[in-house]
Amino acid sequence: MNKKPASIGIQTTAIHGGESPDQQTGATVPNIVMSSTFVVDEPTSFSVTNVDQNTPYMYTRWSNPTIKQLEIKLSLLEHADQCLAFASGMAASSAVLFSQLNSGDHLIMSNTNYPGTAEIARDQLPKKGIDVSPVDTTELALIEKAITPKTRMIWIETPSNPLLHIIDIAKVAEIAHAHNALLVVDSTFASPIATRPLELGADLVVHSLTKYIGGHGDALGGAVLGNTEFINRLRESGVLHYGGTISPFNAWLIMRGAATLPLRMRVHQENAMTIANFLHQDARVKHVLYPGHPSHPQHDIAKNQMDNYSGILSFKVKNPARVAEKMMKQLQIIHYAVSVGHHRSLIYLMDTKDLIESSYRLEGAELEKYKSSAGDGLFRCSVGLEDVEDLIADLDNVL
Ligand SMILES: *Cc1c(COP(=O)(O)O)cnc(C)c1O
């Protein structure tokens, strides 16, 4: 299935999108094409100019049948014209940043987000002459204020790491487009089941496929989705030149994981909501952030722009370092490990001092604002698909 007829549902799309039985053998599961090169029947240029999704297979960095199947499935899920897969979420993000921004350009980015992205923006881009303004993007007025005539891109992450800020995509898109800037949304925490930013006006969507879309913690991958013009431009520099091509084997694993994405997201949400309620009523827990809970500061925006509240929540306790130590030793089911979006539950202390010093570098009022939500540290819990009673018992034992 390569096109989405209007009537096809999301579960059918997740399973059949981009896939069809093998014409030679009738195999119903896609073959993994590991070949790095392809026999061509006419002379083909080595230059990457004018390569698009229809260029015949020649070399896997240009394109590959298995990677292409994944890209089609993701385009259908995200309602995008096109998708470009990468070796990791960071390969996707850096390809967008370095290929779309040039010396003299100005970037506005959420002031708290995925640490890898935050650090590229603060450390690498300025060295290339790109001016970066980290902004609390929950406040639209602050975005407006940060705009300059050189602003070329606004980059938001929603829900964001680790505060789970929900950013109003449609409103930020209006601001970006009024000033001829691109809006890029890192939608990793939402997945296309929760939010489809392109429909809300975003120009490009970035995913770490390592998280919900792959869903099983066994393959790194990334993707960028958008309209044909953007993606063709990105294909040239972002993947063909910078070379962050995903392995066909990882593409195949992620495609298999993506088939159950709609079902998994349903249980992620259900389990996360139950755990959020459990944490809310527990006196040992001080502050719970879950976009699906009415107490979340941007719950109204979440209600509007998310079809599913996803499975990540953050919470604060009195002595986070001691609780983290207890978790490392005593958790029976939940893994004390980074990453999110796997079938298995994961928890990790997002230490405030560490994040502020290495990634966010907030000062003054902004630092105070961060600390008022995060205190000395937030536990970020990616609620998995296990029986929720078992997860609650595991948490109850270590809080
Ligand atoms: C994990 C993550 C990334 C980076 O993805 P990798 O696949 O680890 O390179 C980017 N953004 C968000 C929101 C993430 O959670």
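**Notebook: contacts, ligand site and salt bridges**

I began with Thr352, where a polar atom of the side chain lies 3.2 Å from the backbone nitrogen of Gly377. The side chain of Thr352 also reaches the backbone oxygen of Gly375, at 2.7 Å. I placed Thr352 in helix α13, which covers residues 352-360, and I count Thr352 as buried because its relative accessibility is 3%. I note here that the model is a predicted one.

Next I looked up the ligand. The residues around the ligand include Ser88, Gly89, Met90, Tyr114, Glu157, Asp186 and Lys211. I found a backbone N or O atom of Met90 at 2.8 Å from an oxygen atom of the ligand, while an N or O atom in the side chain of Asp186 is 2.7 Å from a nitrogen atom of the ligand. In the side chain of Lys211, an N or O atom is 2.7 Å from an oxygen atom of the ligand. Taken alone, the ligand exposes 380 Å², of which the protein buries 93%.

I then turned to the salt bridges, of which the structure holds 13. One of them joins Arg361 and Asp123, with the closest N and O atoms 2.9 Å apart. Arg361 lies in the loop between α13 and α14 (364-374) and Asp123 in helix α4 (residues 115-124), so this pair ties together parts that are 238 residues apart in sequence. Arg361 is partly exposed at 36% relative accessibility, and Asp123 is partly exposed as well, at 29%.

A second bridge that I looked up is between the side chains of Lys369 and Glu139, at 2.9 Å from N to O. This pair links distant parts of the chain, 230 residues apart, with Lys369 in helix α14 and Glu139 in the loop between β3 (131-135) and α5 (140-146). I also found that Asp136, Glu139 and Lys369 are linked in a network of salt bridges.

Within helix α8 (residues 228-241), I noted Glu229 and Arg233, four residues apart, or about one turn of the helix; their side chains meet in a salt bridge at 3.1 Å, N to O. Glu229 is exposed, with a relative accessible area of 55%, whereas Arg233 is partly exposed at 38%.

On the surface I found a nonpolar patch formed by Ile32, Met34 and Phe249, with about 270 Å² of accessible area together. Met34 lies in the loop between α1 (10-16) and α2 (65-78), and Met34 is exposed at 51% relative accessible area.

Last, I checked for disulfides, and a search of the whole structure finds zero. Among the cysteines, I recorded Cys83 as buried at 2% relative accessibility and Cys381 as buried at 1%.

Key. Residues are numbered from 1 along each chain as its sequence is written. This is a predicted model: local features need pLDDT of at least 70, side-chain atom pairs count only at pLDDT 80 or more; totals for chains, interfaces and linings use all residues. Side-chain values use heavy atoms; hydrogens and water are left out. Patches are made of residues with over 30% relative accessible area and no salt bridge: like charges are joined within 9 Å, nonpolar side chains (Val, Leu, Ile, Met, Phe, Trp, Tyr) within 5 Å. Accessible areas come from the Shrake-Rupley method with a 1.4 Å probe; for residues, only the protein chains shown count as cover. A salt bridge is a side-chain nitrogen of Lys or Arg within 4 Å of a carboxyl oxygen of Asp or Glu. Helices (H or I, at least four residues) and strands (E, at least two) are DSSP runs, numbered from the N terminus. Buried means under 20% relative accessible area, exposed over 50%, partly exposed in between (1.4 Å probe, protein chains only). A disulfide is a pair of cysteine sulfur atoms within 2.5 Å. A residue is near a molecule or strand if one of its heavy atoms lies within 4 Å of it. A polar contact is a pair of N or O atoms within 3.5 Å; within protein, one must be able to donate a hydrogen and the other to accept it, and residues adjacent in sequence count only if both atoms are side-chain atoms.
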